[in-house]
Structures are given as structure tokens and as C-alpha cells.
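Me: I have a new structure open and I'd like a quick tour. Can you walk me through it?

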Amino acid sequence: MTHTEIGLRRIAVMSNSHGQVATLRVGAGDFRIGDIVDGGNARRQGLTVTLWFSVRDRPELDRQLRAYPGAVINLGGYRVEVDEVSEDSDGSYWAFLTVMLP
């Protein structure tokens, strides 16, 4: 499935801002070096981000989670994959996410 297919969106969220897909809002901040666990459960140090999630009219789904590339978050029917967490050449931090709609 490609990012242009129905139900799949890629968003970039800059530090201390938010992005929105349908009723899901995702904020990003607190970028820092932390533990990353890969698919084989091996741990290493890498850039992580705190993501804040909210779904319109569903306050019980509000979440704050530490995430890193490869992390998958399922929330309110949405599936959010963390594709990349990075710092660009001017010192801005970004979280790149793929969101599958319910």
C-alpha cells in the first residue's frame, strides 16, 4: 500500500507543534536521546520523541507516549507508525508519522 492510497496519510510534525488527520491530533515535543527497542528486542540509544494524542470528542483516548522510529501506536481505530525522528540542518526536530485511518 502506498501513502497515496485511501486511508493512509504521512504527516510531519515539528517540535512543539501538532498535526491532524481526520479527528486525530498528534503533538510532538521533548526530543531527546533515549532507549530504542528494535523488532528483535535489542536495545540501543537514539533520538526519541514524546507524542501527545487526542481524538476529537473522545477525551478518554488522550495519551502521552515516548516513541522512536519503528514504534506503532493503535488508538481509537487509528494506527500510527513512527517512520523517523530527526533533527534537520537548522536544528529543528521532526517526527515523521504514517497514519492509517479507521
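Reply: Here is a short tour of strands, core, rings and charges.

Reply: This is a predicted model: local features need pLDDT of at least 70, side-chain atom pairs count only at pLDDT 80 or more, and totals for chains, interfaces and linings use all residues. Residues are numbered from 1 along each chain as its sequence is written, and side-chain values use heavy atoms, with hydrogens and water left out.

Me: Okay, strands. How do E2 and E3 pair?

Reply: Antiparallel, over five bridges. E2 covers residues 17–21 and E3 covers residues 24–37. Strands here are DSSP runs (E, at least two residues), numbered from the N terminus. Two strands pair if DSSP finds at least two bridges between them.

Me: Which residue in E3 is the bridge partner of Gly19?

Reply: Val26. Two residues sit between E2 and E3 in the hairpin. In that turn, Ala22 has a positive phi of about 55 degrees.

Me: And how many bridges join E3 to E4?

Reply: Twelve, again in the antiparallel sense. E4 spans residues 43–55. Gly27 has Trp52 in E4 as its bridge partner. E3 and E4 also make a hairpin, with five residues between them. Asn41 in the turn has a positive phi of about 65 degrees.

Me: Switching topic. What's in the largest nonpolar core?

Reply: It has 26 residues. Leu24, Val49, Leu51, Phe53, Val82 and Leu97 have the most contacts inside it. E1 (8–14), E3, E4, E6 (72–75), E7 (78–87) and E8 each supply at least two of the core residues. A nonpolar core is a set of buried Ala, Val, Leu, Ile, Met, Phe, Trp, Tyr and Cys residues joined through side-chain atoms within 4.5 Å. Buried means under 20% relative accessible area, exposed over 50%, and partly exposed in between (1.4 Å probe, protein chains only).

Me: What is Phe53 in contact with?

Reply: Leaving aside neighbours within four places in sequence, its contacts (heavy atoms within 4.5 Å) include Leu24, Val26, Leu61, Ile73, Leu75 and Val80. Arg25, Asp62 and Arg63 are also among them.

Me: How many aromatic pairs are there?

Reply: Two. Rings of Phe, Tyr and Trp (its six-membered ring) pair if their centres lie within 6.5 Å; planes under 30 degrees apart count as stacked, over 60 as edge-to-face and the rest as tilted.

Me: Now charges. How many salt bridges?

Reply: Five in the whole structure. A salt bridge is a side-chain nitrogen of Lys or Arg within 4 Å of a carboxyl oxygen of Asp or Glu.

Me: What does Asp30 pair with?

Reply: Arg32, with the closest N and O atoms 3.1 Å apart, and Arg66, at 2.6 Å. Asp30 in E3 and Arg66 in E5 (residues 63–67) are 36 residues apart, so that pair links distant parts of the chain.

Me: Is Asp30 buried or partly exposed?

Reply: Partly exposed, at 38% relative accessibility. Arg66 is partly exposed as well, at 30%.

Terms used:
Helix = DSSP H or I, 4+ residues; strand = E, 2+ residues; numbered from the N terminus.
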